[in-house]
Structures are given as structure tokens and as C-alpha cells.
Amino acid sequence: MEEEEEQQGSDEEQTITVIMAALSALSPPHLLRLSHSISALFLRHHRRLSSLLSSPSLFSLALLRLRSLSLPSKSLLLARHLLSSLVPVAVVATAATPPPPSSTLLRLPDYDAVLLLLLLCELHHYDPHALSPAASHSEWRAILCRYYSDSILSVSGIGGPGASLILCIQAAARCRRLLGAMGCKAGRAVAASPAAVVALPSVAAGGGVECAICREEMWEGRDVCELPCQHLFHWSCILPWARKRNTCPCCRFQLPSDDVFGEIERLWEALVKIGGRGDCT
């Protein structure tokens, strides 16, 4: 158990290191824009969590919703919440502006449930015996209110958008650690987002160019599909391919996906590359 907790702590530190490396590659204007964007997102989260804890009825509904979810459903909620934090960072760091896939959007009951889940996990990490399974909803709410008030007071003196950015990075790292503890593994093949495929441009093929999927030469002057990595393919070849996987057959460049875990992996790899290059966008 101790070794497992040490590994999870190491994974969380690695997550923070990767994100910080990507942020260090940003120019000051980009970093300021990101800080304000994250600050607005962080404020929204805390306003909603405050509403949950101050309302006995909202708290009970969120807790009942959370208890009704299976472990895979909880992991999906965490993944969507993590993706909502990664998207602003990746958009600024990669100078891209893709909208979040519709599959990442949380309905209000699910949003309440995931905020409560994160708070419960944070309190359990701080004090594993703080909440008794036999306690009533009102007792749980009182304990969480005290912990939440203490935690907010402890960071209230930091101030500024930069503080929200740091706290958001820590929250993203905690989400990744929890997903790892739930056994959610990356690396599986996912389909490309239909919207991303439809947006791919058609270009005129030149002579002597071969489609990497069918290995047949592209006729000069005929329209073919060009991926953002500049590799060319027959439309009739790339469409079936994109329905099964979101990677370029030549260089493994990743197109956006409507799969939540696939999007986390795509954005995460983009951040790793940005941090590794250390160049400003």
C-alpha cells in the first residue's frame, strides 16, 4: 500500500513537472492570457462548490448522484473534468483553438458530483478517518464545510491569477493520479472526431506521390486529403482509417477525438512536446 501511494505521489509530481515545463515555454503575454482564463474557470468551480456545501438539499442530491455512479462512470467524470482543465493550457501552449469535444461537457448534476468527489478524495488524502460511513449527510456536509473553509483560508493570501493557475495545475495532477488509481490506462486506439475530419483540406496531388495506406500512386491533379502534418492520402483511404484511429499512418500525428480519454492523451502529448522543446509559441 505504501509503495502504491509513493508511486501515485510520484505520478502527480511528474504531471506537475510536465505542465510547468510547457508553461515555461510560453511568452509573457500568452502566460498572462492563460492565467486569466484559468482564474475564471477556477472561480467557477469554487463558486459552485460553495453553493453545494451551503445548501443541504444540493449537497444531498450531489452525494446521492455520486453514490449511484459505478467506478467507470466516476472515472469518466474525472476525465471530463481533467480535460476541461487541460484544454485552456493546451490551446494557449499550442496556439490552437479547437473547441472541446461535446463528449467532455458535463451536465450540472454530473458537474456537482465530480466537484464533490474531488473534495472527498482531497479530505480522505488529508485525513483518511475524517468521514465515517455511518455518518449522516448533514454530518458529512459539516465536516466538509470546515475542511473547505480551512483550505480556502490557507490560500486566500496568495491572490492573483497566478495563484489560480498553480491550484489548477495541482487539481489536474490530482485528477490524473485518481484516474491512474482507478486503472484508467492510455494508449488504446480511438477514432478521429468527425468534425476534425470534415475540416481537413483537399489539395491537388503531385506526380509520384504514394498514399501510405493503399500504397498506390495518387493521380496528378486529383484532390486528396492533407493532414496537418502535411502527409497526403486518398480520401477513400483516410476516411475508413479515421473511423478507427485518430493518428496519421506515417508519423502518428494525432487528430482531435470525441473520446474523452483519447483527448486527454492527445493534449498531454502536445504539452510534453512543448515542454521538451522549450520554445515560445
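Reader: Which residues of helix 2 meet helix 5?

Author: Two packed helices are described by the angle between their axes and the distance between the axes. In this predicted model, R44, H45, R48, L49, L52 and L53 of helix 2 meet L108, Y111, D112, L115 and L119 of helix 5 (contact means heavy atoms within 4.5 Å; helices are DSSP runs of H or I, at least four residues, and strands runs of E, at least two, numbered from the N terminus). Local features here need pLDDT of at least 70, and side-chain atom pairs count only at pLDDT 80 or more. Residues are numbered from 1 along each chain, and hydrogens and water are left out of side-chain values.

Reader: At what angle do the axes of helix 2 and helix 5 cross?

Author: Roughly 85°, and the axes come within 10 Å (axes are lines fitted to C-alpha atoms, over the stretch in contact for helices, with angles from 0 to 180 degrees between N-to-C directions). Helix 2 and helix 5 are therefore roughly perpendicular (65 to 115 degrees).

Reader: Which residues in helix 2 are buried?

Author: An α-helix has 3.6 residues a turn, so residues three or four places apart point the same way. In helix 2, the buried residues include H30, L34, I38, L41, H45, R48, L49 and L52 (buried means under 20% relative accessible area, with a 1.4 Å probe and protein chains only).

Reader: And H234: buried or exposed?

Author: H234 is buried, with a relative accessible area of 18%. H234 sits in the loop between strand 3 (232-233) and helix 9 (235-242). Leaving aside residues up to four places away in sequence, H234 touches C211, C214, E216, E217, M218 and V224.

Note on methods: Parallel < 35°, antiparallel > 145°, perpendicular 65-115°, else oblique. Buried < 20%, exposed > 50% of the residue type's maximum accessible area, 1.4 Å probe, protein only.
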